[in-house]
Amino acid sequence: MQSPGLKNNSKKRAEKGPAQRLRQRTAILILLILVLGFGAAVLRLTYLTTVQSSELQESAVDLQLADTTVSAKRGTIYDANGNVLAESASVWQVVMSPVNFKNDKQRQAAAKGLSEIFDLEYNDVLDDTKQQSHYVVVKRRIESDEREKVLELIDTLKKDYSCSGVIQLLDDYKRYYPKNSLASSVIGFTGSDDQGLEGIEYEYDSYLSGTPGRIITAQNARGTDMPFRYEQNVESEDGNNVYLTIDETIQSICEKYMQKGVEDNNVLNKGVCIAMDVNTGAILAMVTTDGYDLNNPYELSAKDKKKIKSTPKKKQAEAESAALSNMWRNKAVADTYMPGSVFKMCVASAALEENLVNEKTSFTCTGSISVEGETIHCSNISGHGTQNFVEAISNSCNPAFIQIGQMLGAGKFRQYYQGFGFSDKTGIDLPGEADDEFWAEGKMGGVDLAVASFGQNFAITPIQMITACAAVSNGGYVVQPHVVSKITDSKGNVIKSVDKKVKRQVISDDTSKKMKEYLEYNTERQGAAAGYISGYKVAGKSGTTEKRGVTKFESSFSEDYISSFCGYAPADDPQIAMLVFFDTPDGDAYYGSQVSSPVFINIMSEVLPYLDVKTSYTDEELGYVDASAGDYTGVSVDEAKTAVEADGFTATVKGNGSTVISQIPTVSSGLQKGGSIVLYTDSDSQSETVSVPSLIGLSPDEVNDVASAYGLNVSFSGATTSSGTSSSQNIEAGTSVSPGTVITVSFADSSSTLNE
Amino acid sequence: MAPQKRMMLKADVNRIYDEEVYSEQKIREEKFFVRPTRQRKMKKGKLFSVGMGLDLPFCIIILVLLIIGMIMMFSASYAYAYYNQGDSYYYLVRQLIFAVIGVGIMFVLSFFNYNKLHKVAPVVLAISYLCLLVVLVLPGSEGVKRWIPLGIFNIQPSEIAKFAIILFFSHWCSKYYNKMQFARYSVLPGVIVFGSTALLLFLEPHYSGIVIIGILSVVMLYIGGMQTKYLGIGLGLIVGVVLILAVTNSLSYAMSRLDGWGQALEYTTDEMWWTTYQTRNSLYAIGSGGLWGLGLGQSRMKYLYIPEPQNDFIFAVVVEELGLVGALMILLIFALLVWRGITLSLRAKDKFGKLLGIGLTSQIGIQVVLNILVITDWLPNTGISLPFFSYGGSSLIMLLAQMGLVLSISRTANIERQ
């Protein structure tokens, strides 16, 4: 039954074969076209519009949008009082849209014009004109004269080559530093793209730089206007303004005297001065001498240029970049030095804090001490004899401090070293802060401890030292030093304000108070050698370090020295701490007391009155307090006489007139009480002169006597205690001057010895 | 009992295999889609005949594609037209005129008795050869000779060649349907007709034309009944010839077009950047479209980034504006066109009609697939236009005329429903 059925079936299929074949093959055809063909197309389209979509879209947008960058105005840097230290001024930049060139003639004309205006290589500019781009920067920061020339070129291109939309002038900014070299190592400068390269400009670049704006224009492939174009502007956002804690006045005072110190002492490797608010850690001034012009940061000093010229040709480029980075270097944070005797204030604080010593603890100095078989000398070879703790600090006696260090032991020594913040960066908001160099834990031997006790053989940064000094003075609080007080946006809203940040209390308030007493004693006792300033209580310590382990400069001394002085004022209510140091002085002296202390005194004498620090004279000092002469002219002789006497002066009347027509000295301050004011009543009498006597080598009282005998006035500077001896006068002996003229006399303390 | 039951089943099965019964059943099922038929019989011998009604779904699909194509062509071209012709409507107006003429021709031809073409097929083939020869004599432009200028519009001989090939093979295969298993009735004419046409196109040169005509020849011979083994041999030969030509470097033009194929986004040299410029921008446009597109008229790449966006690369602009979703809808309509065209052709009364209808409909499907694979960088950029979308007067008229023939076939297909 089955086989016939099958036969029948296959027979029928054979008959229907051709029709069946067409149907089957058509089905396969439809399958191939619709499934395989359309399927492939759908797959491909799906992939492109989903997986690859964002990537392709980005490329498309890049292609369609002519994106022009609009420079943002960089923020201004102000000092503590709102004086401008750095600001950006509007200039222009030249950009090109090379896609808009229609032929090579236009390209050549534009390239020729631009290369002539800006002194560029013609072929380089020509290459730029061939780019398939909407935006090529030709030259940034052009001034108005160049701008005029570019405008002319644009006109010419339009007229003679019917070429437009190719060259554009856009806003740009140029950085100006109105105070030139002031605080150069702190402020820093910017590079060709307005990016901060050094100092504050670098550290606060993200705040200062702002956000560049964009002009986005959708353009067709030929870069020309279409009736369907759209434009989108993203406004540039001006940078934020940075306010420094640095006070321009204090900074200039410091720079003035530091530069003088460098010159007077022929300092070979720069000087550093840091002034800090001891309570907040705000840096009031930070000087690295031989600053550079921020408006011209790549201009080396004549000395450096000369040096580079003398080096072999091959090494000149290297020497130049080394000289530049040395010039830009902020030595106050980026360099380390051995603090020397200045460090004794920390060692003494630690010993006091640990109750290992008190002011009655006595130390004997024979001029040297033997530690583990090695003999270490005191600066005073003959020895300080028996001295108490306070005298030991003032004597800066090395054997005494070695004993104190031994009392502390390496463990405690390290603990306080860390406590004062020497083992960590201070975290000051300036770039390039260096690390200290100290013995690793457990590696500090007996000799190491001995020499470390007077600040030798380890290295710290100046900013660490001043921070530690501030901690000694302010009750033991280690604060984080900072140079920026606040940041405001371009509209003046404060967006960041830097508050006082206390890291820890390393010594007690009690210890701090004791240290003030001892250090003030040191200053009082040593006078000008330890920062004594008449009318102010100063606490300070000098230091002289033998440089070890660094390349020796060619100083005339047997060793290279660092002369430093670190102190604070007023001692009873510390406000400002200051570190002054000179690296490798090569003049008459190298002791910190001789080199740095005078500079400290000079600076502080101007800074303290500027900061309105109240004067507090001792009774002895009161005798020499300055008096001020008023204006006595224009009134009758009698009236003038009364006024002069009321002000504490004696009056000398010259001439026969009834009214006073002039006076010597004129209105002035800083005169000694009892000085004479010469009142002139007619013009004939004004031609009288006196010869200036020598006022050197006298005590203040003697100076006063001599001066009044000659009818002259004197003004004192320096340590005017009764034991002081006048060391110089500003008008040389023998000079003819009018009676009453003020002569400034400087005093040095005769009782001071070199205690380092 | 059981065997008897089985026999009955077999009888049923046999009946279902019966072609005519099957067709009738199918037609009844599909009644909903078909226009109410007029009860008049088509008179033989008459050139035009109302006959049975034309296939309405197929007709609607064509018109829908034509309208969508027109809108998209306008959207893609107006920026280009504005810039190059100074008139945004330049291409739209021309395409509209051709479309109106084309639709007119389509409806007229739908009344045409396509059987008349059976006998003239060799003549049409001869005309095609003539055109292909004439174009070679003409000067051409930029070393390429593809167009015969005829004043108001140009004729592209390759368009005629495509039609001639379909027509000729429909004629040949239906005439010798029962002898198609013999190589001399299938392979021989295939090689002669395709080979000679391909040679002439090669001289133009017009490689995409060769590819399409090659595929069409294979399709026609395959459904015409050629043995599959010959098909394999034929395909092997074609691949061999192409390889030899490639090796001997005679394909310099084609190779230059292949250069950078699939590397549109990874150009390394300036030269490559320019070679792949069109394809790369097409990919950017498609990618920008994403899932939902930028919106009708919102394409950005049509602003001169894609050269001649109204031509071969129009679909890239379509995807950019309508997104993947829009693109798939359009592809779906094309698929419906192919499906409907082929199935209605299968119902034609004679073999010639069936083959002709299938051939003409397949041509559209093949071109759509090739076009999309070209603009998406899966095939080298060789100039294959998208039916109903790409700008071009003569090819649009040609296309609509061919659709007219398919509609005319649909009239006879519906006769069988009586």
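The side chains of Glu606(A) and Lys256(A) meet in a salt bridge, with N and O 3.3 Å apart; the term means a side-chain nitrogen of Lys or Arg within 4 Å of a carboxyl oxygen of Asp or Glu. Glu606(A) lies in helix α20 (residues 592-610) and Lys256(A) in helix α10 (residues 248-264) of chain A, so the pair ties together parts that are 350 residues apart in sequence. This is a predicted model, in which local features need pLDDT of at least 70, side-chain atom pairs count only at pLDDT 80 or more, and totals for chains, interfaces and linings use all residues. Residues are numbered from 1 along each chain as its sequence is written, chains are lettered from A and ligands numbered from 1 in the order in which they are written, and side-chain values use heavy atoms, leaving out hydrogens and water.

**Salt bridges**
- Over all chains, the count is 23 salt bridges.
- Glu606(A) is partly exposed at 30% relative accessibility, and Lys256(A) is partly exposed at 44% (buried is under 20% relative accessible area, exposed over 50%, partly exposed in between, with a 1.4 Å probe and protein chains only).
- Arg107(A) forms a salt bridge with Asp104(A), and their closest N and O atoms are 2.8 Å apart.
- Both residues lie in helix α4 (residues 104-118) of chain A, 3 residues apart, about one turn of the helix.
- Arg107(A) counts as buried at 16%, whereas Asp104(A) is partly exposed at 42%.

**Helix α12 of chain B**
- Chain B has 15 helices and 2 strands (DSSP runs numbered from the N terminus: helices are H or I with at least four residues, strands E with at least two).
- Helix α12 (residues 277-289) of chain B has 13 residues and reaches 18 Å from its first C-alpha to its last, close to the 18 Å expected at 1.5 Å a residue (the expected span is 1.5 Å times one less than the number of residues).
- In α12(B), 13 of the 13 residues are buried, so this helix is largely enclosed by the rest of the structure.

**Confidence in chain B**
- The average pLDDT of chain B is 81, and 79% of the residues score at least 70 (pLDDT is the predictor's confidence in each residue, from 0 to 100).
- Within chain B, confidence is lowest in helix α1 (residues 2-17), at a mean of 45, and highest in helix α13 (residues 314-346), at 94.
- For the complex, the predictor gives an ipTM of 0.84 and a pTM of 0.57.
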